[in-house]
Amino acid sequence: MSSTMDSDPLLALRHAIKTKSPITYVANSEPTASLLAASHIVLSPTLSLPKSTTTRYSKPGTSASSPSDFFTLEAVYLAWLLRDAPAAEYMKQARDNGLAVGFVSVTERKSIVEWLEGKIHDLKRIVSLAAAESTTPPGTPTHPGAATVPLITPKRAAHAADTTIPSKRRYVADQQDVEVVKRIKQNEVELRDRNTILRGTKPNNFSALRATYSEKLKKLKETKPGATPVPAPTAGLPMQSRKASKNLYPIIMISSSPTALITMHNVKRFLQESLFESSSAARERAAAAGNSRAEDVIHIDRRRVPPSSSSQPTSTSRGDIQRYFVVDSTDALQKFGADAWERVVCVMTTGQAWQFRPYRWSEPRALFHHVKGVYVSWANDPPNTKIKDWNVTELKIDPHRRHIDKSVVAHFWQLIDDWTIANKPWLIKS
């Protein structure tokens, strides 16, 4: 039995795995930790086989008539070594170890691993020892004049490695077998992983893109230095249509100061219901309802009044619902993506410059050049000298008369509509 194991690489590998013997690698008689660099696999202290040794485990879809129809010792051992690896990782490791082709497929790996570990006793594609020792490989058809090629057994492989034979006998394939292999390869399905799929097979052709911009580049080159090129009337349409197609909603930023008149606690009721409620009262009402903390993003739905001769909506002239989002910090604003500042239409301020430090434009004059500025204060507060150069509009709230809140909110929305239509019309729902 011991001589049989020494002569057959499959049995020797199976015995080493079942007895949990250490399996190591050597390269030029020196131990190595890399299977790729190794030339031999050491299965026991007395048995070292070349990793390219042909085994009796035949490849699927072959006639087992030539050495190339069988897996090598390295491929079988690698299938057991990576038995628990995912399919993609297993194929990657196989390629990294030099087995771009010829490795045991993922679907075949489980059966050969179970045979090596002794969980099953027979495997259909493992050729019997008697057939392997014969001079004619099993399944080889007999044809007059066809050359007989013996299967390379571990004994013969070791003997061939140790002896210095000047030349080897040239293998002549059977013509009928060649035709069979061709038909098999035509139906072969290549296993692919995410890396090979992402590479693609079609060449990139940007001729249509070049043709689109060649005329524009030509006009730019013909433009005289110092002259201002006149943009085409439709130059802004692609950008506007692209933004409108994404259903982008305008964003309003308010101050995060706890002393601000408009906070995340009362902004929804003020702008959507046209009713001012102090921030402390709104906070207590939310806490009684079980909402101890205000949301960092609040949406407000508002019905826009269509342009008409009357300033008030009627039953026959009801506009579309326009949604706005309200935030009080740049952290919440980042949830809307990298171009969130392109959607900001208004910044409510309390007149404190520290509010703008984390903003895209920290200087008040630059900020209110890109967004609409609104300074919210009590109606009886004295004028704030800090904001006289900030390009902001004052919105005054009466401390006691709640019946005028509706006109204050209507004035606010009119300011927002006028500024948005003039500066960012793609944010207005048509």
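**Start.** I kept in mind that this is a predicted model.

**Aromatic pairs.** I searched the whole structure and got 16 aromatic pairs. Buried or exposed, I wondered about Tyr 90? Tyr 90 has a relative accessible area of 0%, so it goes down as buried. Phe 103 comes out at 18%, which is under the 20% cut-off, so I call it buried too.

**Charges over rings.** Tyr 90 turned up again here, with Arg 109 over its face at 4.6 Å from the ring centre. I also found Arg 14 over the face of Trp 115, at 4.4 Å from the ring centre.

**Cluster.** I traced ring pairs that join Trp 341, Phe 356, Tyr 359, Trp 361, Phe 368 and Trp 390 into a cluster.

**Surface patch.** Phe 206, Leu 209, Tyr 213, Leu 217 and Leu 220 make a nonpolar patch of about 540 Å². I checked Tyr 213: it belongs to helix α10 (residues 207–222) and is partly exposed at 43% relative accessible area.

**Backbone.** Most residues other than glycine have a negative phi, so I noted the exceptions. Lys 20 has phi near 55°; it lies in the loop between α2 (9–18) and β1 (24–27) and is exposed, at 74% relative accessible area. Ser 274 also has phi near 55°, and I placed it in the loop between α12 (267–273) and α13 (279–288).

Key
Residues are numbered from 1 along each chain as its sequence is written. This is a predicted model: local features need pLDDT of at least 70, side-chain atom pairs count only at pLDDT 80 or more; totals for chains, interfaces and linings use all residues. Side-chain values use heavy atoms; hydrogens and water are left out. Patches are made of residues with over 30% relative accessible area and no salt bridge: like charges are joined within 9 Å, nonpolar side chains (Val, Leu, Ile, Met, Phe, Trp, Tyr) within 5 Å. Accessible areas come from the Shrake-Rupley method with a 1.4 Å probe; for residues, only the protein chains shown count as cover. A salt bridge is a side-chain nitrogen of Lys or Arg within 4 Å of a carboxyl oxygen of Asp or Glu. Helices (H or I, at least four residues) and strands (E, at least two) are DSSP runs, numbered from the N terminus. Buried means under 20% relative accessible area, exposed over 50%, partly exposed in between (1.4 Å probe, protein chains only). Rings of Phe, Tyr and Trp (its six-membered ring) pair if their centres lie within 6.5 Å; planes under 30 degrees apart count as stacked, over 60 as edge-to-face and the rest as tilted. A charge sits over a ring if NZ of Lys or CZ of Arg is within 6 Å of the ring centre and within 35 degrees of the ring normal.
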